[in-house]
Amino acid sequence: MKVGILGGGQLARMLAEAGHPMGLSFRVVDPKSGASASQVAEQLVADYDSAEARDALAECDVVTCDFENVPAAALEALAERVPVRPSAAALAAAQDRFVEKSRFQQLGMATPAFAAVDSRPDLLAALDRIGLPAVLKTRTMGYDGKGQAVLRDREDLEAAWQQLGGRPLILEQWVAFDHECSITVVRGADGNKRFYPLSRTWHADGILRLAVAPCPNAGRLQAEAERMAGRLADDLDYVGCLTLELFASGNELRANEFAPRAHNSAHWTIEGARCSQFENHLRAVCGLPLGDPGLRGGISVLFNFIGELPEVGDWLVVDGLAWHDYGKAARPGRKVGHATLVLPDRHALDAARAQLGDRLPADLRGALDRILPPGDGRAGPD
Ligand code: AMP
């Protein structure tokens, strides 16, 4: 089978890497030549909504996306000629933060308090209702913390409005969560669903930096996250992998957003799960049986590299470490690669931490130590 992918970034690259052993071939469309996936798949350099892209993708057996902001009209036109999975409607559901959170509420999923903001009076009214601190976000095209301004006191209002005003916005309550986590579900066209273990995530400046799976002391959170993600996937008649990002406070989860595609917080599944999110996404969109999302090792830790990659040889000295270089040029704020540690237990993690030493940047080490304190093997993940 030939799989067409709109977008040729690292997600498309990892989809192709997962699909090759299953005999799948890939054609990616991306307007930027030399996209990350072009090193492992055929790339057409074209705009997503061009006739050229449509014709090239219509020759594939199925089409999927590596990012959610593909113009819905381009997908709908394509869907008349070739199966598009997940559907244009499922992607559209994630493109507008207000529409997305309204759907969560309709489905009985808790969210941070939120309100649509189209004008200054809207913003003042929303602030009166939601209170401070709050975060003002663009409704569309935001990712990795872009298009957001945190309001800690009334004096931040003017700067936030200068930065973002004039576009459709959403004001959200700033949640003082205990931690963030995310769940990935894969759903087949027949409605069958399988869930990955929750990943505990840590972001800095809105960008994912670290994920640990399974989420330590998840307790009831796993079942609640499955309920939420499962309901959403069914409601969207979703086909493929979907990740729901959540804020955890005690035993309560609030839904922040979902990604209708493979997601960074589940990259650890490549080595840490029996069937990765990439393979399962492909299995689902190609109509193949879904794979086992269960753990392969005891603990997986994903480190994201932002801006530039460290020296690969310095990190490969660590047993149980896998390296992913996305083949992208270094640039501040850009995701250029990741490394995953898959280890049997907390003792092995302590050994890996010692081996990594100073190579692990202080902020990542601090976050890991907070999530899984060194020498605390007795309180292992449940
Ligand atoms: P987003 O682009 O909405 O995924 O936001 C990126 C990150 O910013 C999240 O993963 C959180 O760390 C933080 N964030 C976003 N919205 C909120 C919120 N309402 N309350 C607290 N933190 C938030």
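Helices (H or I, at least four residues) and strands (E, at least two) are DSSP runs, numbered from the N terminus. This is a predicted model: local features need pLDDT of at least 70, side-chain atom pairs count only at pLDDT 80 or more, and totals for chains, interfaces and linings use all residues. Residues are numbered from 1 along each chain as its sequence is written, and side-chain values use heavy atoms, with hydrogens and water left out.

**Domains**

- The domain assignment lists domain 1 (2-84), domain 2 (113-173) and domain 3 (179-371). Such bounds come from an automatic or database domain assignment.
- Between the C-alpha centres of domain 1 and domain 3 there are 23 Å. Their contact takes 19 residues from domain 1 and 20 residues from domain 3. Contact means heavy atoms within 4.5 Å.

**The ligand and its shell**

- The ligand lies between domain 2 (113-173) and domain 3 (179-371), because both give residues to the shell around it.
- Four strands each supply at least two shell residues: β6 (134-138), β8 (169-173), β13 (240-249) and β14 (252-259).
- Of the 17 residues around the ligand, the nearest are K137, Q173, V175, E180 and E257. A residue is near a molecule or strand if one of its heavy atoms lies within 4 Å of it.
- The shell holds five nonpolar, six polar and six charged residues. Here Ala, Val, Leu, Ile, Met, Phe, Trp, Tyr, Cys and Pro count as nonpolar, Asp, Glu, Lys and Arg as charged, and the others, Gly among them, as polar.
- R97 has a polar side-chain atom 2.9 Å from an oxygen atom of the ligand. For N256, a polar side-chain atom lies 3.2 Å from a ligand oxygen atom. For H203, an N or O atom of the side chain is 3.4 Å from an oxygen atom of the ligand.
- On its own, the ligand has 470 Å² of accessible area, and the protein covers 95% of this. Accessible areas come from the Shrake-Rupley method with a 1.4 Å probe; for residues, only the protein chains shown count as cover.

**Two buried residues**

- Buried means under 20% relative accessible area, exposed over 50%, and partly exposed in between (1.4 Å probe, protein chains only).
- S182 sits in strand β9 (residues 179-187). S182 is buried, at a relative accessible area of 2%.
- A339 is part of strand β17 (residues 335-343). A339 counts as buried because its relative accessibility is 0%.
- Leaving out residues up to four places away in sequence, A339 touches several residues, including F303, W315 and W323.

**A partly exposed loop residue**

- F67 is found in the loop between β4 (62-65) and α3 (72-79). F67 counts as partly exposed, with 23% relative accessibility.
- F67 and I5 are 62 residues apart along the chain, and their C-alpha atoms are separated by 9.5 Å.

**Backbone exceptions**

- Most residues other than glycine have a negative phi, and most peptide bonds are trans.
- The bond from R85 to P86 is cis, with omega near -10°. The bond joining A213 and P214 is also cis, with omega about -5°.
- N217 is not a glycine, yet has a positive phi of about 50°. N217 is exposed, with a relative accessible area of 53%.

Definitions and conventions: A polar contact is a pair of N or O atoms within 3.5 Å; within protein, one must be able to donate a hydrogen and the other to accept it, and residues adjacent in sequence count only if both atoms are side-chain atoms.
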